[in-house]
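Please open the structure in a viewer and keep the sequence beside it.

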Amino acid sequence: MRDDGRQTVRYPQGNVLLRNLARDFPVITHGQGIHLFDARGKRYLDASAGALVASVGHGNREVVDRIHEQLLRVAYVNGTHFTTEVTEALASRLCALAPPGLDRAAFLGSGSEAVEAAVKFARQLWVERGQPQRTKVIARVPGYHGNTLYALSLSGRPHYKTFFGPLLSEVITTPAPYPYRSGLEDYARDGAEHYARLLEETLRREGPDTIAAFIAEPVIGSSAGASPPPPGYFERVSALCREYGILTIADEVMCGCGRTGRFFASELFDFQPDLLVLGKGISGGYAPLSALLVKQAHVEEMRQGSGGFMHAQTYLQAPAMTAAGLAVLDYFERYDLVSHAASVGAHFQRKLREVLSPLPFVGSVQGVGLLAGVELVEDTPSRRPFPRARKVVERLLAKLLERGLVLWSNTGHADGVHGDLLMLGPPLIITEAEVDELVDTLSRGIRQFFQEES
C-alpha cells in the first residue's frame, strides 16, 4: 500500500509519467508465482509474465537471495575497467548453451540496447574487413526489435512513424512469415520458398554488397502473434545470407530463454546466426538485463584490426545485473525449467486451440511452447480486421483485467493500421492446472465481451 493509501493511480495523480493517460493503474503490492496482488487485495493471473519477462515467477526467493549476496559484495563496476566473477560465470554458461560458434557475450540493460549493440558490431566488422559500403540492415515486416531509435527503425510498425518518422533511419524490409495472413494455400509446404524468394528479390534490388546484416525473430513476438516460420525457412534464408556474405542476427529477446521449450528458439528451426540477442526472461525481471552473443572468430578480426569493439554503456557487464542472470540460469537448471516449459507448453497450445478457436471473432490461435497469440477479427471467413477506431483489443484487455487476467496486446499488424492481437506468455513455472484456469478465464472473458458488443 502506498503511504497515502492510494489503491490506483490515474493521471494527473502522482508524479510518474504514465504510459497511458486515460486509465487507472492498480498499485501492485507483491507477487507470488504466476500471480500479482494489488493494494485492494485483488489477485491477478499474470498470463503474459508482464511483458514476457517474469520467466521464473514472482517472489522467487532463490533468485532474490542470490542478487542480494552480490549486492553486498559489489553492485557496480565500470565494464570498460573491470570484470567480476559473476559476469564471467554467466558468460561462460550462456556460451556453453549457445548455438555453435557463439562464444563471447556482452551484457546490457535492455533488449533494445542489445539490438543496437548487435547492429553496431555487424557494422564495425564490415569496416574492419575493408567493406565500409555495407551500411544496410534488412528487417522483416511485421516485426519488432526495440524502442531506441535504430531498434525502432528496424521494427516493422508503421504507426510509430506518425510521431517518430523523421528521427528514424531508413531500413530495408522484407515480408515476415505470417501464417494467418500469408495468402498461401499451404503455408507449411510453400512458405519457405515464398519468403526466401521475396528476400532474395530484396537483396538483388538493394545490392547484396551494400547489406551488413539480416535480423529476424525466430518466432515473431507481439508483432505477428507468436508466428512460427514455415519448415525450412531459416535454412533457406541463412543459405542466401551466406551466399551474399550477409551477417545474420537472431533476436530472441522475447522468444528465447526457454519460452519455446528450447533454451534458444533458433535451435528449433536450424537457425545458426552470426549474432544472437537475449533479454526479458534472461533475468526473470529481477534486474534489467540483456545479452549479445557473438563469434570468437569475429572478435578476433576486431582484435587484429582496430583492437576492440567500439561500444560501451554505463551498465555494461554490471554485476548486479549479471547476478540476476546467473541466478535465473541456475534456477532453470535446478528445476529443469526448459523441459517443463516444453511439456506444459504442449498442453498450453492444445488447450488454447481447443477452447478459443471455435469462438466467434477469433481468427487465429498460434504459437510455440509457452508463447502464443490470438488474433481477433470482425469477419472470420474473410479475415477482415476490426476497424482500428473501435479499439477492440484495448477494451477487451481492460475487461480481462477486471477478471484478474493480465495479457499483452498489439495492434496494426494486419495492414500497418488495423489488427487486434492478444499475446500470452505466462511464467515458465506455470502448471497444467494453472494453464486450464488461464484459458478458461480468457474464454469466458472473450465470450462476455463480444456478447456485450452485439
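Select Arg-383, which lies in the loop between strand E14 (371-376) and helix H12 (392-402). Helices (H or I, at least four residues) and strands (E, at least two) are DSSP runs, numbered from the N terminus. The model is predicted: local features need pLDDT of at least 70, side-chain atom pairs count only at pLDDT 80 or more, and totals for chains, interfaces and linings use all residues. Residues are numbered from 1 along each chain as its sequence is written, and side-chain values use heavy atoms, with hydrogens and water left out.

Although Arg-383 is not a glycine, its phi is positive, about 65 degrees. Arg-383 counts as partly exposed because its relative accessibility is 35%; buried means under 20% relative accessible area, exposed over 50%, and partly exposed in between (1.4 Å probe, protein chains only). Next, select Lys-391, placed in the loop between E14 and H12. Phi of Lys-391 is near 50 degrees, again positive in a residue other than glycine. With a relative accessible area of 45%, Lys-391 is partly exposed.

**Second stop: an open sheet**

Select the strands E3, E4, E5 and E15, which form an open sheet in that order with mixed pairing. Two strands pair if DSSP finds at least two bridges between them. Which strands stand at the edges? They are E3 (28-32) and E15 (405-406); each has a single partner strand, so one side of each is left without a neighbour in the sheet. Strand E4 (residues 35-38) and strand E5 (residues 43-46) pair in the antiparallel sense over three bridges. Within this sheet, Leu-36 stands opposite Tyr-44 in E5. Contact means heavy atoms within 4.5 Å.

How many cavities of 30 Å³ or more does a search of the whole structure find? It finds three. On a 1 Å grid over the protein atoms alone, a cavity is a set of points where a 1.4 Å probe fits but cannot get out, and lining residues have an atom within 4 Å of a point. Grid points are joined across faces, edges and corners, and a volume is the space filled by probe spheres set on the points.

The largest cavity has a volume of about 50 Å³. To find it, select residues of its lining, including Leu-90, Phe-263 and Phe-332. Helix H3 (85-97) and helix H10 (319-334) are the elements that give two or more residues to this lining, and H10 gives the most, with four.

The second largest cavity holds about 40 Å³ of space. Among the residues of its lining are Pro-142, His-159 and Thr-411. Select Thr-411 in strand E16 (residues 408-411). Thr-411 counts as buried, at 17% relative accessibility. Leaving aside neighbours within four places in sequence, its contacts include His-159 and Arg-388.

**Last stop: cis peptide bonds**

Select Val-141 and Pro-142, joined by a cis peptide bond with omega of about -5 degrees. Finally, select Tyr-11 and Pro-12: the peptide bond from Tyr-11 to Pro-12 is cis, with omega near 15 degrees.

Key
1 Å grid on protein atoms, 1.4 Å probe; cavity = no way out; pocket = protein on both sides within 12 Å on 5 of 7 lines; lining within 4 Å.
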